[in-house]
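Please look at the sequence and the structure below before reading on.

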Amino acid sequence: MSEKDLPVVIIGYSGHAYVVIDALQLSGRRVTAYCDQEMKTNNPFDLAYLGKEREATAQLSASDYFASVGDNTIRKKICDFVGAAVNRPAITVIHPGATIASSATVDHGVLVAAGAVINALAVVRTGTICNTGSIIEHECRIGEYVHIAPGAVLCGNVTVGDNTFIGASSVIRQGITIGTGVVIGAGSVVTRDVPDGAQIFGNPAR
């Protein structure tokens, strides 16, 4: 059985999951089931409910899986637990409308959504979301379990620490270093390095 023949189980089934499922289906993958804290009354993709991920390790062992949760901390906890339980990482999901340079590196458990661009020599580490229309320019280094929201632009040589959120339509100036656990508000323009744990907003961001 080839990789594309394996069904995919989604962990977390709400708005962000819908984006992930669409990308998977357009890439020729079969999404058959979901795990979540409870059965959803809204089931637009007609998926089977397997229960919480801790109750579904047998099914997850026989499938590929992806944690479709926007919150960085929760996504990491899910991937750590399931990865250890089934002894393999989450798959990477790349929308066919995304553009990834041949010299870029994209780790496992990453979403590269429609219209996203990852340019030359960029590195995107485990569990990161490169959401719709985001641009990660040349030689950027993105840490683990980062969320780059729709339309955000990271100019060249930007470094982003683990567990950071970059809001929609934000712009990060070339060469900036952003620490771990940072929150950057939507529409912000970042012109200076950002320390660990900071929350910044505005143009210029403060």
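Just after helix H3, Asn87 takes a positive phi of about 65°. The model is a predicted one, in which local features need pLDDT of at least 70 and side-chain atom pairs count only at pLDDT 80 or more, while totals for chains, interfaces and linings use all residues. Residues are numbered from 1 along each chain as its sequence is written, and side-chain values use heavy atoms, with hydrogens and water left out. Helices (H or I, at least four residues) and strands (E, at least two) are DSSP runs numbered from the N terminus.

Most residues other than glycine have a negative phi, and most peptide bonds are trans.

A cis peptide bond, with omega of about -5°, joins Asn203 and Pro204, and Pro204 is found in the segment after strand S22 (199-200).

**Helix H3**

The 15 residues of H3 (residues 72-86) should span 21 Å at 1.5 Å a residue, and its end C-alpha atoms are 21 Å apart, which agrees; the expected span is 1.5 Å times one less than the number of residues. Asn72, Arg75, Ile78, Cys79, Val82, Gly83 and Val86 are buried in H3. Seen down the helix axis, these buried residues fall within an arc of 125°, so they line one face of H3, the arc being that of the directions from the axis to the C-beta atoms. On the other side of H3, Lys77 and Ala84 are exposed. The buried residues of H3 pack against several elements, among them strand S1 (8-11), helix H2 (57-61) and strand S4 (64-67), where contact means heavy atoms within 4.5 Å.

**The sheet**

An open sheet is formed by 4 strands in the order S3-S2-S1-S4, with parallel pairing; two strands pair if DSSP finds at least two bridges between them. S1 and S4 run parallel and are joined by 4 bridges, and Ile10 stands opposite Phe66 in S4. H3 lies across S1 and S4, running at about 160° to S4, with axes fitted to C-alpha atoms (for helices over the stretch in contact) and angles taken from 0 to 180 degrees between N-to-C directions.

Methods:
Buried means under 20% relative accessible area, exposed over 50%, partly exposed in between (1.4 Å probe, protein chains only).
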